[in-house]
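Here's a friendly walk through one protein structure. Take a look at the sequence and the model first, and then we'll go through a few places together.

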Amino acid sequence: MPSALSRPPFRPQARRTPCHAALLSRFAMLAFVLLLGLARPVLAQEPQAPDYDAWNKLAEQAEQILESGSANDARLQTIRDEVVKWRERFKEAQGVNATRIATLKDQIAALGPAPAEGQTESEDIAARRKELNEQLATLQAPGLQAVESHGRADGIVTQIDQTLRARQTFALIRKTPSPLNPANWPPAMAEAAQVAGQVYAEARDRWDSTGGMGGFTARLPAIAGFLLVALLLLSRGRHWIDSLPSRLSARASERSRAALIFGVSLGQIAIPLIGVILFAAALGATDLFDDWGLPLLRSVPAAGLSFFGGIWLARRLFPAADTGVQPPLPMSEERRAKAQVRAALLAAALALHQLFARTILPLSGFNSQNDSDTVPERLSEASAGVWHFLLVLFGAFCLFRLCTVLRGLHPSGDSEAPDYRIRVVNFLAMAGRLLALATPVLVAVGYVTAGNALLWAAVLTLALVGLLIILQDFIADFYAMAKGGDQSARDALMPVLVGFALILLSLPLFALIWGARASDLAEAWTKAQQGFAFGGVRLSPMAILTFLIVFAVGYSLTSFVQGAFRSSILPKTRLDAGGQNAVSSMIGYVGVALAAVFAVTSAGIDLTSLAFVAGALSVGIGFGMQQVVSNFVSGIILLVERPIAVGDWIEVGGQQGVVRRMAVRATQIETFDRTQVIVPNSNLITQPVTNWTRGSLTGRIIVPVTVGVATDSRLVSDLLREIAEDQPTVLVNPPPAVLLRSITPTGQNFELRAMLADINGGVSVVSEINHQILERFAAAGIVLPGSVRTAQDIFLHRSEDEDEPAEETAPGDDPPAPPPNPA
């Protein structure tokens with residue numbers, strides 16, 4: 001795709017509450033994506049053919065140099081940069097004549113399939129097919145040549161990268177003279193003094209050559225101005241900016257305090273760093289330094305950034321109690337004070353390494369063999385090892401002491417630090433202690449480059465992790481401030497996502513810290529842009545991003561349309577609640593499916609090559625996901641046929657309740673004791689389902705009643721009928737029915753059957769009927785079995801020594817007292 005075609009920056013607009021405005025915004029985003037996809041072939045221009053003769057000369061020269069191995073790293077890097085430019089041209093040239101080639105392929109396809117072996121076709125069609133194939137071959141030739149040249153360029157780049165990585169590895173593992181050898185100490189002192197003497201001699205010569213005192217007097221105003229501002233910034237300005245956060249914490253509101261303190265604290269880096277840069281500028285303005293002094297002056301800003309940046313990190317990670325800064329790690333105040341001092345010492349050690357290692361001392365770490373901004377003659381490897389050993393020993397001591405304080409952190413109730421942060425810090429503390437013990441040993445035995453690379457990379461890794469922790473807390477504080485000072489917003493999803501994005505963006509920095517070259521990152525990004533193949537489909541980051549954007553727009557539009565139908569359109573129709581839910585669900589399923597199809601098409605993903613993978617997946621679905629697919633299909637059937645709907649009272653599989661939600665996989669039922677039962681949709685299709693309220697709320701209740709054998713059955717029937725007719729929800733047509741179902745030695749068994757207008761209240765109606773049965777029967781003198789001891793009961797339980805049977809009791813009289821309990 002041509003690099004000229006790029007996406008315009010997205011500018012978020014204020015959210016509008018009316019639904020029409022939201023719909024217009026979604027349509028605008030969708031139209032933007034559509035126009036972007038349609039504009040690609042229109043804006044794409046036919047690339048110019050590369051100069052293949054010039055390329056072949058460069059490629060042959062590069063291959064000869066690689067074969068001989070005589071070029072240094074700088075020369076190889078220059079060749080690589082040229083080859084990368086040619087490779088980009090070849091990539092663009094692969095699409096030459098693409099429009100015409102597509103047209104010819106369509107014309108050839110229109111002629112029908114080519115005849116099989118031994119078959120013929122008409123002479124006109126054969127001649128036309130031959131002519132079109134010849135034209136197609138001619139048009140495809142430049143693209144094929146570009147593909148071949150692109151492969152050759154890619155091979156050269158890969159070979160150069162392999163050579164550079166092999167040289168870097170050799171430099172790391174190369175053994176040099178041990179700094180513990182006493183014979184190397186006097187030369188180390190002498191060579192360091194010689195470098196200092198060269199700087200002094202250069203300054204003296206420049207003093208004479210620039211006019212002596214007269215020339216210095218002419219430059220004095222600029223020098224004095226730089227020095228005055230530098231001293232003010234490094235003295236009064238630094239103390240003022242250091243005390244500013246604690247003063248603001250007492251005056252700022254609770255809502256904006258954390259974010260304001262963070263913004264002001266950045267001045268603790270900027271103010272002294274500007275002072276250091278101005279001090280170096282003042283020394284440079286004297287015009288006394290050249291080849292020997294200027295490399296040291298140019299290393300001062302990096303050293304100042306390491307020092308003051310390290311102090312700022314120490315103050316933010318391990319704040320004092322009076323600064324108003326929320327500690328990002330669960331540490332006591334005493335441990336924070338120790339960690340702050342040790343982190344400041346470690347920053348000073350890193351600053352010393354930045355000041356001298358790349359300019360005067362070789363063997364300083366990753367890619368140190370390619371140092372260019374150095375003094376004309378650096379120390380020898382034996383002498384450099386001695387000075388490196390002292391710097392590494394100091395840095396390793398500070399790192400070990402700091403990691404000792406950081407080791408063993410545990411979650412605390414007073415700290416809001418997430419668990420993953422504590423685990424990461426504990427792991428880095430453990431690894432830092434091991435490296436602090438190992439790196440001095442490596443330098444001592446002669447692996448100076450490896451020791452430097454491991455130690456200072458570990459220090460920078462700790463610094464970068466600390467910076468990420470601080471930025472994550474700042475994002476959480478800023479989001480809470482934007483939400484009106486609600487501190488619970490710190491744990492919301494948005495700050496977590498932004499913090500995760502920061503971690504992803506920091507991965508290239510970690511790679512650079514641990515020895516990766518900028519060209520390595522650029523090559524990795526080029527490979528990522530080419531994408532990866534999956535089942536014959538090539539996916540690239542741009543295609544994935546397009547897919548996600550288009551699908552997100554389609555899903556949002558589907559949700560909006562679904563909500564509009566649910567709240568505005570469907571309530572005005574004659575559909576019941578269940579039908580409205582079915583229509584709304586079908587709109588959602590269809591919308592998501594269309595959004596997925598449109599996103600795949602917009603991303604340029606060809607799914608035809610996934611036919612084999614789809615076939616294999618279908619077999620897996622048939623065996624491993626049989627129940628899932630069955631539930632899905634059953635859910636579609638339920639939505640279409642609608643045997644049940646939301647709000648229905650159903651009974652399935654021994655469970656009764658009201659349908660609360662119907663999804664594509666399962667249906668949620670709320671039982672009458674308020675428990676939630678999830679029923680797979682396949683059960684609602686394959687098992688018997690009783691729907692008490694589908695189509696009509698009318699339902700029948702049956703109340704069984706048993707009275708004594710001697711009771712007047714007609715009286716019982718009349719009373720039961722009157723009781724049923726008195727209920728407000730009992731229908732008059734059909735009228736209630738009272739049936740004498742059976743007569744047994746224990747009593748007469750009646751059934752009261754009545755139709756209710758709303759069966760949902762059946763339980764309460766039955767309860768009220770039972771209450772009235774007790775009241776009416778008691779008033780009428782009808783005795784229910786088991787309520788009292790009847791004459792028959794007394795007769796059956798009569799004592800053997802009783803001569804006379806118990807006197808029978810009239811229906812309205814009190815029963816005789818039961819015999820005493822033998823117990």
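Predicted model: local features only at pLDDT ≥ 70, side-chain atom pairs only at ≥ 80, totals over all residues.

Residues are numbered from 1 along each chain as its sequence is written, and side-chain values use heavy atoms, with hydrogens and water left out.

Let's start with the sheet. Three strands make an open, antiparallel sheet in the order β8-β10-β9. The edges are β8 (699-707) and β9 (737-744), each pairing on one side only. On average, neighbouring strands here are turned by 20 degrees against each other, direction ignored. Strands and helices are DSSP runs numbered from the N terminus (E, at least two residues, for strands; H or I, at least four, for helices), and two strands pair if DSSP finds at least two bridges between them. β8 and β10 (residues 747-756) pair over nine bridges, and arginine 700 stands opposite methionine 755 in β10.

The angles in the table run from 0 to 180 degrees between N-to-C directions, with axes fitted to C-alpha atoms, for helices over the stretch in contact; contact means heavy atoms within 4.5 Å.

| Helix | Strands | Angle |
|---|---|---|
| α22 (residues 713-725) | lies across β8, β9 and β10 | about 25 degrees to β10 |
| α23 (residues 762-780) | touches β8 and β10 | about 25 degrees with β8 |

Next up is α15 (residues 493-513). Its 21 residues reach 30 Å from first C-alpha to last, close to the 30 Å expected at 1.5 Å a residue (the expected span is 1.5 Å times one less than the number of residues). Still, there is a kink of about 35 degrees at serine 506, shortly before proline 508; the bend is the angle between axes fitted to the seven residues ending there and the seven starting there. Pro495, Gly499, Ser506, Phe510 and Ile513 are the buried residues of α15, and they pack against α14 (448-482). After α15 comes glycine 515, with a positive phi near 100 degrees.

Buried means under 20% relative accessible area, exposed over 50%, and partly exposed in between (1.4 Å probe, protein chains only). Lysine 527 sits in helix α16 (residues 518-530) and is partly exposed, because its relative accessible area is 34%. Its C-alpha is 9.2 Å from that of serine 540, 13 residues apart along the chain.
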